[in-house]
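Let's take a friendly walk through a protein model, one neighbourhood at a time. Have a look at the structure below before reading on.

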Amino acid sequence: LERGNLEAAFWLLREEVGRRPDDAPAVQAFWDAAVACGRPEAAAGAMSRLVQREAAADPERAVHAWTTLDAAAPEAPVDALTLARMLPVLKARVAEAPGDAAGEEARGWLLRALRRCVEPGSGLAGGVALRVFEEARALDPDVARRAAEIALASPELHEAKRARLEARLARTAPSGPDL
């Protein structure tokens, strides 16, 4: 990479990541080489796994890796639990954004994460769906509704939480002919 031979770097790093898939610096270098070669999809799986590992250990680093991944390979799978672990960091970025443009960008990433959580195949489970509902209520009513539906469909949701969620959902449900 340092010498500018992107193709050679791409293939060497691909082999390295194949041997050591948990090596974060190698995965990041492979990702950088793949993006530079115009083939982010080749490294998207390795980068998705890195985001998942980082979300459990260091959500701040995970957010950086995920936004990089999602910008270049938006179809790359990232599960709902991983995204939910990053929500507090994304929410803090919105609150701490230094200006309107930065605030809108941070808000866009937060909304993107919330929307990805409720996509089919995201693996959103009941307890995590409840957290997504809470975060999405003021930002995206459609995402909040879908998260609530997933949480309510979960047999593991405690009855008291179920009753509170049903009451909140009833209060936030739109009324009128658009239903």
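Contact here means heavy atoms within 4.5 Å. This is a predicted model, where local features need pLDDT of at least 70 and side-chain atom pairs count only at pLDDT 80 or more, while totals for chains, interfaces and linings use all residues. Residues are numbered from 1 along each chain as its sequence is written, and side-chain values use heavy atoms, with hydrogens and water left out.

## Around Ser154

Ser154 sits in the loop between α8 (141–153) and α9 (159–172). Helices such as these are DSSP runs of H or I with at least four residues, numbered from the N terminus. Setting aside neighbours within four places in sequence, Ser154 is in contact with Gly126 and Arg162.

Is Ser154 buried or exposed? Buried means under 20% relative accessible area, exposed over 50%, and partly exposed in between (1.4 Å probe, protein chains only). Ser154 has 7% relative accessibility, so it counts as buried.

## Helix α8

The expected span of a helix is 1.5 Å times one less than its number of residues.

The buried residues of α8 are Val143, Ala144, Ala147, Ala148 and Ala151. Seen down the axis of α8, they fall within an arc of 135° (taken from the directions from the helix axis to the C-beta atoms), so they line one face of the helix.

## Helix α6

Helix α6 covers residues 100–117, and its 18 residues reach 26 Å from first C-alpha to last, close to the 26 Å expected. Its buried residues include Trp109, Leu110 and Leu111. Among the elements that cover the buried residues of α6 are α4 (59–72), α5 (80–96), α7 (126–136) and α8.

## An aromatic cluster

Rings of Phe, Tyr and Trp (its six-membered ring) pair if their centres lie within 6.5 Å; planes under 30 degrees apart count as stacked, over 60 as edge-to-face and the rest as tilted. By this rule there are 3 aromatic pairs. Phe10 and Trp11 have ring centres 5.0 Å apart and planes at 90°, so this pair is edge-to-face. Phe10 and Phe30 form a tilted pair, with 5.4 Å centre to centre and 45° between the planes. This second pair links distant parts of the chain, with Phe10 in α1 (residues 6–19) and Phe30 in α2 (residues 24–36), 20 residues apart.

Ring pairs link Phe10, Trp11 and Phe30 into a cluster. Phe10 and Phe30 are both buried, whereas Trp11 is partly exposed at 44%.

Technical notes: Helices (H or I, at least four residues) and strands (E, at least two) are DSSP runs, numbered from the N terminus.
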